[in-house]
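Subject: Structure handover

Dear colleague,

Please find below the structure I promised to pass on, followed by my notes on what turned up in it.

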Amino acid sequence: MPEIDDPYALRDASVVDGGDVPPGQREQVLHALGGQGAGKQMASVPRLVHRKHDTVADMRRSRSGKEVNVAEPSRGRKDWRSYDTVAGTYDRVRTEFHALPAADLVALLAPRAGGRVLDVGTGTGAAALEAAKSVGPEGIVVGLDPSLEMLSRARDRGLGRVVAGKALDLPFENGAFDAVVASFVVFLFTRYETALFDMMRVVRPGGKVGVTTWGGTEDEFRRTWREVAESFVGKDLLKDAARRASPWEERFSDPRHLHETLREAGLRQVDVQRRDYRFTWSVDDYLAGRETSAAGRFLHDMLGEASWERFRQRVAEEFRSRFADPIGDTSDVILAVGVKT
Ligand SMILES: C[S@@+](CC[C@H](N)C(=O)[O-])C[C@H]1O[C@@H](n2cnc3c(N)ncnc32)[C@H](O)[C@@H]1O
């Protein structure tokens, strides 16, 4: 896979983890939408019944006579699971916050000056830019991500080396890096064992791998946002979408599971820590941040513009009626680091 100077040169490259709808799930969603409940869900979501007819769902429609959409990407339409459509917003409202745990992760890895670090799922570059401070001008930091739009933002922030790709068949030699990081990424991998195996491959013996994941604590802000979202598309559909985009979020919100997984991947001296990060957001920025989540991307794609705007208005009204602006939000994050022997 080439290192690129102009991320847009690879605009047609695939942008999401291939085959990330596990076998059987498409059918489950189709089933959910095709049954009694679907009518109710669709009634509150007018755009659901007006999609183009080139999706898996539409194939079912032609057989059953019903029009349903399960948010599978149609040809020529962006896959909602990609971060491409939210890169600008993510860059503006999420990067500064993600830099906080990223800085702690890099401190735990402590890459030496002049060292080489790979940031898998670099996004807008939060962890890579922290690593770059550690390794200094003699070091090399590479940011890898399937989203060209995210990579473009990372470049704008000063990350010089970006590579378009996924954590699969990483285009690097065995042992090329002193450290590999993946900040808020491992729960997105369809086959996390395979991805971790490849991340391990490109670390030198004695080198380190570090990851962060969400601790998963629910709070009143997340709950309120989710409840409004559910009132638009239904609980099951939203949950299923989040699970498809981020299949291992629950597993890796448990420090014991994360520890076990990193050990199984071959890391030793695995250190797993849970830390809280408090951040103050304006209500507008907090809500913009939620829009970049899997649920937000799914909802936008599914509702279409008119209903999406209604959702945004509703959720903003709800927040303003319930919370002071700005809001202080605490996220619990799990940081894990291990050594390749
Ligand atoms: C939640 S963002 C985290 C970005 C950045 N690490 C941060 O902390 O802000 C997840 C990123 O992982 C990328 N991603 C998704 N699937 C991936 C895969 N299979 N391999 C590598 N990166 C992936 C997405 O495009 C997105 O930029």
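A nonpolar core here means a set of buried Ala, Val, Leu, Ile, Met, Phe, Trp, Tyr and Cys residues joined through C-beta atoms within 7 Å, where a residue is buried if 20 or more other C-beta atoms lie within 10 Å of its own, exposed if 12 or fewer, and partly exposed in between, with C-beta atoms placed from the backbone. Please keep in mind that this is a predicted model, in which local features need pLDDT of at least 70 and side-chain atom pairs count only at pLDDT 80 or more, while totals for chains, interfaces and linings use all residues. Residues are numbered from 1 along each chain as its sequence is written.

The largest nonpolar core holds 59 residues, of which A131, V180, V181 and M199 touch the most other members. Helix 6 (residues 126-135) gives the most to this core, with seven residues; helices are DSSP runs of H or I of at least four residues, numbered from the N terminus. A second, separate core has 22 residues, including V93, L237, L303 and V315.

Around the ligand there are 22 residues, and H98, G121, G123, K166 and S183 come nearest, a residue being near if its C-beta atom, placed from the backbone, lies within 6 Å. Helix 5 (95-109) and helix 6 each supply at least two residues of this shell.

As for confidence, the mean pLDDT (the predictor's confidence in each residue, from 0 to 100) of the protein chain is 82, and 77% of its residues reach 70 or more.

Best regards
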